[in-house]
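Please examine the sequence and the three-dimensional structure shown here. The paragraphs that follow lead through it one region at a time.

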Amino acid sequence: MSAPRPETILIRGADVLTMAAGDNPVPRRADLLIEDGRIAGLGEVLPVPDGAQIVEAAGRLVMPGLVNAHLHSSEMFYRGRYERMPLESWLCWSYPFLGSSPVDLEMLRLRSLLVAIESLRSGVTMISDDFFDPPTQDIERLGTVFKAYEDAGIRANVSSGLMNLPYLDTLAHARDVFPEEVQAQLDFPLTGAADYAAFCNEVFQSLHGRGNGRLRFMLAPSGPQRCSIDLMQACRDFARRWQVPYHTHVLETRTQAVTADKLFGGSIVRFMRDHDLLGPEVLMAHAVWVSDEDIALMAEAGVSVSWNALANLKLGSGLAPVRRMLDAGINLSLGTDGASSNDTMRLFDVIRVAGLISTATRAGPAQGLSAGEILQAATLGGARAAMLSETTGSLEIGKQADLILLDPSGGTAFTPSSDTARQLVYGENGSSVESVMVDGRFVIRDGVFVTLDEAAILAEIRDRMPAFLKMHETVEAANAFLVPLFEEVIGRCDGDRLSTEGERRLPC
Ligand SMILES: [Zn+2]
């Protein structure tokens, strides 16, 4: 089901928060004209063009749709399942090594729709989905994800993520800890750079640009320690040629930082720089354990960072040095990460937590992030990270109309109303979102989905979940014996001193 896009829409008398670079994050009363999907006018009182659909928006706050810079749709059915585990043991459950088989195409469709529904409902109009679907790269499966997002009406960069080095070689001490017979079980055959490049070529020819350009393919080699250099350089070449992100995980945990010391003799970021793997196309997820030298290199190269503040809290990964990254000139965006480490796609939750964490250890006029900076990361910063700053992320003439209408009088978060930006950051949770427009088309209008049958999709997922979770329980049981081994690896890494041990690793 796909609603036609009206040619001309006039949103009238709204309080508009543009989030354009240089604009104060203060709403102003304005009309917004949308023609053929683009913002064609923004001004105090605009004339009504012939045949325009008029949306009376007095009392409504209109702002750019939020951009979720990092998630994994693959985790969507695992929400609420895990707690109190560090990344390396959590991976045994969320990305099981043994006995797991991919969900069928219908489940894949439903899972992707669930990501889109929850995102759009809470005001997110653009997602970066690092879709991870081992063991193979499969165009039909990736196409199913694309189709679900196309039908839902969301804007998305979607990868087909991979790693191609033996996992145990990507973790310090693992070869010493894991018994040989277990190592043999975990050493899978791996995808070569040439095979992956052929797959990417096919995706760029067939899927990239679907949905009037809303759906794009991005490259997502899992992390520099997990991929061969030829694979990463092939991904970089695609990213530069197609102007899409090179999305990769960097220094999420202390265990990874210890590993980087051993594998790269120190800075993994310097390793990337030395292999021409840094540039404005690079979107790093996490960057929790980056050093001062790393921050300087990232800023110089124009790298973006997805700060996944809430997921980092849940997995005990640490606090990213966001104030220093921003001060260095690094573009900051916000991500939920997957539903197995968060456990929702509501970016407003991350926004609030980001604000609070930024002053967790120190508050003062020079510390923390302002509400304006956090909203910027959630909108234009996300668009930049997605390499779509000319398309989305702010309300400016010429950009595609990706926007949300909030009803501040619909709940209590804005009663009384004092400072819109601060109340959006510290009080809003997405429940004030009333209507959502992507690419000039309403996907949610007055609280109702236009593009899909939300209730039927959610009911179908609920029906299928008991059988799915029963199967997943057997997978969990098959992988349970690995957990103490990974805990031993983490413990040994905890005992190692980092080469940058003395540096501050706090948000401000
Ligand atoms: Zn991730």
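Four strands form an open sheet in the order E10-E11-E12-E13, and their pairing is parallel; strands (E, at least two residues) and helices (H or I, at least four residues) are DSSP runs numbered from the N terminus, and two strands pair if DSSP finds at least two bridges between them. At the edges stand strand E10 (246-250) and strand E13 (331-334), each of which pairs on one side only. On average, neighbouring strands of this sheet are turned by 30 degrees against each other, direction ignored; the axes are lines fitted to C-alpha atoms, and angles between N-to-C directions run from 0 to 180 degrees. Within the sheet, strand E11 (residues 282-286) pairs with strand E12 (residues 304-307) in the parallel sense over three bridges. Leu283 has Ser304 in E12 as its bridge partner.

The model is predicted: local features need pLDDT of at least 70, side-chain atom pairs count only at pLDDT 80 or more, and totals for chains, interfaces and linings use all residues. Residues are numbered from 1 along each chain as its sequence is written, and side-chain values use heavy atoms, with hydrogens and water left out.

Attention now turns to the metal site. The zinc ion has His70 (NE2), His72 (NE2) and His249 (NE2) as its protein donors, at 2.0 to 2.2 Å; donors are N, O and S atoms within 2.8 Å of the metal (3.2 Å for Na, K and Ca), and sites may look incomplete since water is not among the atoms. Along the chain the donors follow the spacing H-x1-H-x176-H. Because His70 lies in strand E6 (residues 66-71) and His249 in strand E10, the pair ties together parts that are 179 residues apart in sequence. His70 and His249 are both buried (under 20% relative accessible area with a 1.4 Å probe, protein chains only; exposed is over 50%, and partly exposed lies in between).

Strand E6 leads on to its partner. E6 and E7 run parallel, joined by four bridges, and Asn68 stands opposite Ile127 in E7. Strand E7 (residues 124-129) is mostly covered, with six of its six residues buried. Four bridges also join E7 to strand E8 (residues 155-158), again in parallel, where Asp129 stands opposite Val158. Together, E7, helix H3 (residues 139-152) and E8 make a right-handed β-α-β unit: with the strands pointing away from the viewer, the path from the first strand over the helix to the second runs clockwise.
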